[in-house]
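Dear colleague,

I am passing the structure on to you with this message, and I would be glad if you could look it over alongside my notes.

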Amino acid sequence: MAADFSKFLEDIVSSQGYAGQIVHTEEIPAREAAYGELAEPLPGPIREALSSLDIRRLYSHQAEAIESIRAGKHTAVVTGTASGKTLCYNLPVLERLLANPEAKALYLFPTKALAQDQVRGLRRLADSHPELADLVRCGTYDGDTPSPTRRKLRREANVIMSNPDMLHQGILPYHSGWGGFLADLDFVVVDEIHTYRGIFGSNVANVLRRLSRICRHYGSSPTYVCCSATIANPAELAERLIGMPVQLVDQDGSPRGPKRFILWNPPYIDTGKMERRSSNEEGHRLLVSLLRKKVQSIAFARTRIVAELLFKYTAEALEKVSPSLAEAVRPYRAGYLPEERREIERQLFSGELLGVTSTNALELGIDVGTLDASLIVGYPGTIASTWQQAGRAGRGTDEALVALIAYNDPLDQYLMLRPEYLFGRSPEHAVIDPENPYLLAGHVRCAAFELPLREEDGECFGEQVMPILEILDDLGQVNRIDDAWYWSSTDYPAAEVALRTQSDDTYTIMDTSDGNRVIGMVDSISAPETVYPGGVYLHEGETHLVRDLDLEARAAYVERQHVDYYTQAVLDSSIRAGERQAEQDYAGGQLCFGEATVTWRTTAFKKIKFYTQENVGYSRLELPAQNLETASCWFAPSEEALSLVSQHEMKPIEGLVGIRNVAVNMLPLLAMCDRLDVGGIVDSTNFGTPTLFLYDRYPGGLGFAERGYKLFESLMEECLGAIAKCACDQGCPSCVGLPVTQPPQQGDPDLGRGYPIPDKEAALVLLHHLLGREAYVPRKRRRRAGRAVPAEPPEPRPAAEEGKPKSVSVSEQVAQRLRSARRRHVGL
């Protein structure tokens with residue numbers, strides 16, 4: 001029975017605790033289904049299987065996609081959540097298997113969970129007809145697959161579900177063992193392509209080029225099918241990923257019920273209007289109200305700790321009124337054991353669970369069945385992610401409810417005041433650069449290991465291939481014989497090329513009160529801020545005291561113990577400029593490019609009482625620092641430039657932080673990377689004066705900051721344009737308030753008010769001076785309230801631990817040679 005959300009909201013508004021929290025309601029109308037017909041009907045077994053699943057007709061986008069794939073066109077399908085994108089590729093694959101039982105298909109997903117979910121989905125469809133059930137031999141081939149199962153899949157499977165990491169390290173380097181599969185490979189499905197952006201996406205694009213090259217070697221030419229959530233440039237992204245033109249299918253024919261999207265702002269709790277009621281408290285109360293009405297709901301949290309808190313508060317509230325309801329809610333996040341996550345997914349899909357509190361781990365397309373309401377506790381950071389999370393509610397034609405619950409930070413509050421920013425703007429662009437020479441060098445090594453390289457491979461990998469091969473020849477990695485380059489090293493290059501920027505190393509979390517039973521995992525970068533000694537680790541709402549963090553054994557030992565508080569890590573970070581590789585005067589200041597070290601550590605933790613958020617304790621920690629050795633460009637404005645801002649009774653540091661916020665988001669446009677591939681910080685400790693640092697969030701650097709140095713004036717022009725053209729008065733998320741970092745996974749945004757939006761006028765004064773423009777006269781405005789803007793801590797990235805000797809890999813040697821060559825050519 002469909003929920004009556006009009007009545008539900010009326011009851012909320014008339015309740016005693018309501019204080020005007022609903023500041024905006026967006027009514028998203030229903031959409032009728034649009035159906036399509038195929039030129040040639042699907043084979044009988046497929047039609048019968050679909051009919052048994054109550055699928056009588058195809059939506060228009062499904063029919064369009066199938067016709068495109070039938071024609072052998074590489075196809076990109078971009079439609080909404082639960083629009084039936086999976087059938088767009090499953091049906092052509094089944095049709096081909098019926099026509100040619102020897103045909104093969106490879107499905108690639110960004111996560112193991114998605115691959116396993118898709119196996120279940122394909123199996124459900126195939127098992128609906130005996131002929132298909134006997135025909136389809138599918139399974140997941142990833143790091144969790146046992147060796148005997150891997151061998152069986154290589155020999156017998158005709159549909160394999162995997163991920164780019166396994167393709168890169170476990171399949172392509174051993175392609176001779178996959179010869180039969182690759183020779184008959186007809187389809188490659190790349191799902192959730194909107195997640196393939198920045199460094200990760202650029203790496204995946206090169207992996208797919210290597211796959212296409214090896215397929216040609218075995219005589220196959222598979223059709224690629226790419227699927228994506230809504231982004232601004234889906235066709236461009238798909239074409240950059242696979243290196244070939246695609247046919248775009250983006251007219252969603254699936255029906256959609258009406259959706260009510262409310263913006264919920266917690267009320268002030270002080271007369272000075274500085275503090276608001278806890279957003280976590282508001283979120284759990286709203287979730288409890290929905291669950292008591294038997295409305296199946298999901299509550300998204302920005303961090304893992306908030307997902308746990310929302311679950312704990314919700315379960316404890318429901319326990320008082322209905323223990324059975326309390327048992328129908330579970331949390332879901334990264335760090336749980338795979339079997340735990342699969343069980344939660346199964347319970348959601350089957351309807352056993354009424355509610356789930358989750359991080360963005362459930363933002364991707366794992367099939368968890370029909371949900372009626374989605375609560376988003378805190379703005380996720382992008383419009384695209386917001387709509388992905390909102391799309392989890394409203395499956396089918398029933399009405400759905402979405403609520404974005406704001407934190408008391410400037411970005412969330414801006415959206416509460418200006419709903420048109422959220423509802424009137426298109427999602428963000430996804431940017432990749434497969435030809436980035438520093439990334440490409442690693443994949444050229446991998447390609448040479450797999451098959452000899454020839455000049456015609458430049459069409460696959462780009463014009464940088466030959467210079468890279470010459471460097472590899474000098475380093476003894478390849479030998480040229482006639483017209484081909486052969487691998488001549490004993491190295492295994494795929495092991496040196498990590499596709500993702502986060503660390504693959506994990507810490508095991510063991511419960512000493514239960515015989516050292518493994519209860520979870522955490523990546524090595526997050527471990528010092530998640531399972532530090534003396535802290536509280538929350539797992540499914542239960543509190544565990546961390547007794548020890550063994551850095552060598554990569555293990556955290558916790559003990560289940562009831563306490564009435566949780567803990568919040570206190571992080572300290574800094575950046576140190578290293579050897580300068582280039583420098584110049586710019587606008588009277590000093591502009592440099594060189595090495596830099598970003599350092600971060602957990603220095604202490606606070607004890608925070610549940611519900612009241614009282615700080616009930618503080619302890620210092622002695623944990624080793626983690627370092628990121630990278631490349632950076634930095635700029636120290638002249639005293640004259642800084643004094644110009646001061647003359648207008650504004651703070652120079654605010655102007656520089658505002659420029660930093662914009663520069664971190666503008667540099668990717670010039671350097672062809674994602675905005676999370678670069679970091680920025682304003683620091684005065686290096687040179688005794690405020691200095692803007694822009695750095696690569698990747699060990700050794702990938703050329704992004706180097707490009708920022710060379711194009712610094714163009715970068716400042718882009719910053720001025722973005723700020724000057726913005727219609728806001730004092731700064732907003734579209735200009736100087738653009739977010740540049742994400743909160744730590746263990747952090748609770750409810751405990752802080754975020755970073756204030758910097759002074760737009762101060763940034764304009766500085767930029768006009770730096771670019772030699774006519775002096776800017778600030779507009780008169782009301783006095784800005786709030787504290788001074790601090791330099792934000794840079795987001796951590798994987799690196800060697802403090803004191804660990806740094807060895808120079810072949811990939812880094814190639815990168816160093818490329819940097820030297822580029823400096824000679826570009827005049828650095």
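Predicted model: local features only at pLDDT ≥ 70, side-chain atom pairs only at ≥ 80, totals over all residues.

Residues are numbered from 1 along each chain as its sequence is written, and side-chain values use heavy atoms, with hydrogens and water left out.

Strand β29 (residues 678-683) is largely enclosed by the rest of the structure, because six of its six residues are buried; buried means under 20% relative accessible area, exposed over 50%, and partly exposed in between, with a 1.4 Å probe and protein chains only. Helices (H or I, at least four residues) and strands (E, at least two) are DSSP runs, numbered from the N terminus. Val-678, Gly-680 and Val-682 point one way from β29, whereas Gly-679, Ile-681 and Asp-683 point the other way. Six bridges join β29 to the antiparallel strand β30 (residues 691-696), where Tyr-695 stands opposite Gly-679.

The structure holds 41 salt bridges, each a side-chain nitrogen of Lys or Arg within 4 Å of a carboxyl oxygen of Asp or Glu. One of them joins Asp-11 and Lys-293 (4.0 Å, N to O); Asp-11 lies in helix α1 (residues 5-14) and Lys-293 in the loop between α12 (279-292) and β12 (297-301), so the pair ties together parts that are 282 residues apart in sequence. Asp-11 is partly exposed at 29% relative accessibility, whereas Lys-293 is exposed at 52%. Asp-117, Arg-120, Arg-342 and Glu-345 are linked in a salt-bridge network.

With best wishes

Conventions. Pairing = 2+ DSSP bridges.
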